[in-house]
Amino acid sequence: MTSQSPVLTPYQRIGGEAVVRLLTRRFYEIMDELPETYALRKMHSEDLSGSADKLFEFLSGWMGGPQLFIEKYGHPMLRRRHLPFKIGADERDQWLLCMRLALDEVVADAALRSELYEAIAQLADHMRNQGEASHACSNEAVAA
Ligand code: HEM
C-alpha cells in the first residue's frame, strides 16, 4: 500500500515564476525603502531593475525551476561575483532582513518560508568577504 505523493520543488511549492518574480520585486522595493538597509542600497546601482532580474533568474534555478541565470550568464560563481563588494556581517544582515520581510509578505506557507529562509541565510553568509570571512569553499558549484 504505497500512495506516493509527488516530490515538489520549492519552485513549484512557492507558486512558480509569478511568485518568484514578486518575491524579488518586493525584496528590492523593501531594500529601497527601509532606512535600516540604506548602506546596502547604496552598494547597488541606482536603477535596481537589472539587479531584480538577475536575482529572479538566479532564484528560479536555485529553487528547482528553469535555470535562467545559467542559460544567460553561465556558472553562477556567486561568491566570486560578490567579491567587488565589501560584505561583512552588517551587509549580510541587511540583505537578510529584506529577504525575510519579502518572504513574510509573499509566501503564505510557513514551513516553506522557513525552509527557504534557512537555506538562503546560509548562502548569504557564504557571500561574506570581510571580517571573520566565510571561507571560499571548494564546492562553489554546489553553494552557488
Ligand atoms: C549577503 C549579502 C549580499 C550583499 C551585500 C549583496 C550585494 C550585491 C550587490 C551590490 C550586487 C550588484 C548589484 C548591482 O550592481 O545593482 C549583487 C548582485 C547579485 N546578487 Fe547579491 N548580495 C548579497 C547576497 C546575495 C545572495 C544571498 C544572493 C542569492 C540568493 C545574491 C544574488 C545576487 C545576484 C544573482 C547578483 C547579480 C550578479 C551578477 O552581476 O551577475 N546576492 N549583490
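Me: At what angle do the axes of helix 7 and helix 8 cross?

Reply: Roughly 160°, and the axes come within 10 Å. Axes here are lines fitted to C-alpha atoms, for helices over the stretch in contact, and angles run from 0 to 180 degrees between N-to-C directions. Bear in mind that this is a predicted model: local features need pLDDT of at least 70, side-chain atom pairs count only at pLDDT 80 or more, and totals for chains, interfaces and linings use all residues. Residues are numbered from 1 along each chain as its sequence is written.

Me: Why are helix 7 and helix 8 called roughly antiparallel?

Reply: Angles over 145 degrees count as roughly antiparallel (under 35 is roughly parallel, 65 to 115 roughly perpendicular, the rest oblique). The pair crosses at roughly 160°, so helix 7 and helix 8 are roughly antiparallel to each other.

Me: Which residues in helix 7 and helix 8 meet?

Reply: R92, W95, L96, M99, R100 and L103 in helix 7 meet R113, L116, Y117, I120, A121, A124 and D125 in helix 8. Two residues are in contact if their C-beta atoms, placed from the backbone, lie within 7 Å. That contact divides into nine nonpolar, no polar and four charged residues. Ala, Val, Leu, Ile, Met, Phe, Trp, Tyr, Cys and Pro count as nonpolar, Asp, Glu, Lys and Arg as charged, and the others, Gly among them, as polar.

Me: What makes G65 partly exposed?

Reply: A residue is buried with 20 or more other C-beta atoms within 10 Å of its own, exposed with 12 or fewer, and partly exposed in between. G65 has 17, so partly exposed is the label. You'll find G65 in the loop between helix 4 and helix 5.

Me: What is G65 in contact with, leaving aside its neighbours within four places in sequence?

Reply: T9, Y11, G16, V20 and S60. G16 is 49 residues away along the chain, yet the two C-alpha atoms are separated by 7.5 Å.

Me: How many helices and strands does the chain have?

Reply: Nine helices and zero strands. Both are DSSP runs numbered from the N terminus: H or I of at least four residues for helices, E of at least two for strands.
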